[in-house]
Amino acid sequence: RNLQIWQLEVTLVNVTSSFAAFNLAGKNAVAILSKLLKNDTHTQSLQLGKVLALKIADTDVRIIGVGFVSKTAYEIHLPVKQASTIWQAIIDAGKSEQIRCFGTEAQRVLRLEMGHALIGHDTDGLTNPYEAGLQWALKMEKPFFVGQRSLKIINQKTANKKLVAFVLDKNLHEQRPQECNLVIDNNEITGRITSIAFSPTIQQIIGLAYVHPNQSAIGNTFYIRTDNGSMVRATVVKTPFVERSEE
């Protein structure tokens, strides 16, 4: 749409299926990456949010500092044809550090323990950054970006929901809430659960939910209605649920 409006001489090509991506995370990620790169100075440059184009096993890769499941973590993007080669190189480099594979379900619990919202899961097409607590990522002082005008208008309005982190009582006796269960206040719907899981690290049920802004203060309690009609108490807490830097 914008190409048509701006009449730019630009061609877009979808290359998603041409690339693979691995997530290398945890306290030993730096040591493993240093072996792969054979140059420790590169890992020192790869702070959170930084991107470097480098080589692993003679293959061009893009490495990004991404603290999604751990404070120390990297995403490695590479041509899909070299995926098995780079995978084996990572496994071999990590043997002395007792590297272990983890899948998407573990990733979802790990990122939740870090308190990170999953875009498309904890947000949808109607969510704005102010509701999801993502205003830190907005650079409103820029001369222009797509959506800037709309965000200025939205920011002048009173929010009707806010994404918060919560924990359930450890001695929970009621039915365990599920994603999309509703937050109820005085018989009115004020929000819903977007993510919930049992944290094996802190041995407690944790989650993210939208609540009314009046319910969003740290230490505040709110109630979730489960599938069988039970009302379960939740407490708003700070994130991360788990400090994952030296584990």
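Biologist: In this predicted model, which elements do the buried residues of α4 pack against?

Modeller: They pack against β1 (19–25), α2 (29–37), β2 (51–56), β3 (59–65) and β4 (73–79). Packing here is a matter of contact, and contact means heavy atoms within 4.5 Å.

Biologist: And which residues of helix α4 are the buried ones?

Modeller: Helix α4 covers residues 83–93, and A83, I86, A89, I90, I91 and A93 are buried there. Here's a handy bit of background: an α-helix has 3.6 residues a turn, so residues three or four places apart point the same way.

Biologist: Let's move to the rings. How many aromatic pairs does a search of the whole structure find?

Modeller: Three aromatic pairs turn up. One of them is formed by W6 and F144, and this one is edge-to-face.

Biologist: What makes the pair of W6 and F144 edge-to-face?

Modeller: Two numbers decide it. The centres are 6.2 Å apart, and rings count as a pair if their centres lie within 6.5 Å. Then there's the angle: the planes of W6 and F144 are 75° apart, and because planes over 60 degrees apart count as edge-to-face, that's the label this pair gets.

Biologist: What does the pair tie together?

Modeller: W6 lies in helix α1 (residues 2–6), while F144 is in the loop between α5 (104–113) and α6 (148–155), so the pair ties together parts that are 138 residues apart in sequence.

Biologist: Why is W6 called partly exposed, and what is F144 called?

Modeller: W6 has a relative accessible area of 41%. Buried means under 20% and exposed means over 50%, so a value in between is partly exposed. F144 has 54%, and that puts F144 in the exposed class.

Biologist: What about F22 and W87: how do you know which kind of aromatic pair they form?

Modeller: Run the test again. F22 and W87 are 5.3 Å centre to centre, with 65° between the planes. The cut-off is over 60 degrees, so the pair is edge-to-face. This pair links distant parts of the chain too, with F22 in strand β1 and W87 in helix α4, 65 residues apart. F22 counts as buried at 16% relative accessibility, whereas W87 is partly exposed at 39%.

Biologist: Where does the charged end of K161 sit?

Modeller: Over the ring of Y210, 4.7 Å from its centre. For a charge to sit over a ring, the distance to the ring centre has to be within 6 Å, and there's an angle limit as well.

Biologist: Now the strands. In what order do the six strands close into a barrel?

Modeller: The order is β5-β8-β7-β6-β9-β10, and the pairing is antiparallel. From one strand to the next, the twist averages 45°.

Biologist: How do you know that strand β6 and strand β9 pair?

Modeller: Count the bridges. Strand β6 (residues 182–185) and strand β9 (residues 221–225) have three bridges in the antiparallel sense. V183, for instance, has I224 in β9 as its bridge partner.

Biologist: In the loop between β5 and β6, why does N181 count as buried?

Modeller: N181 has 8% relative accessibility, and buried means under 20%, so N181 counts as buried. Leaving aside residues up to four places away in sequence, N181 touches R192, I193, I224, R225, T226 and D227. The side chains of N181 and D227 are also joined by a polar contact of 2.9 Å, with the limit for such contacts being 3.5 Å.

Biologist: What does C180 have although it is not a glycine?

Modeller: A positive phi, about 80°. C180 lies in the loop between β5 (162–168) and β6 and counts as exposed at 54%. A57 has a positive phi too, near 55°. A57 is in the loop between β2 and β3, and at 43% A57 counts as partly exposed. For context, most residues other than glycine have a negative phi, and most peptide bonds are trans.

Biologist: Which kind is the peptide bond from T239 to P240, trans or cis?

Modeller: That peptide bond is cis, with omega near 5°. P240 is found in the segment after β10 (231–237).

Definitions and conventions: Residues numbered from 1 in each chain as written. Predicted model: local features only at pLDDT ≥ 70, side-chain atom pairs only at ≥ 80, totals over all residues. Heavy atoms only, no water. Buried < 20%, exposed > 50% of the residue type's maximum accessible area, 1.4 Å probe, protein only. Helix = DSSP H or I, 4+ residues; strand = E, 2+ residues; numbered from the N terminus. Phe/Tyr/Trp six-rings, centres within 6.5 Å; stacked < 30°, edge-to-face > 60°. Lys NZ or Arg CZ within 6 Å of the ring centre and 35° of its normal. Pairing = 2+ DSSP bridges. Axes fitted to C-alpha atoms, helices over the stretch in contact; angles between N-to-C directions. Polar contact = N/O pair within 3.5 Å; in protein donor to acceptor, adjacent residues only side chain to side chain.
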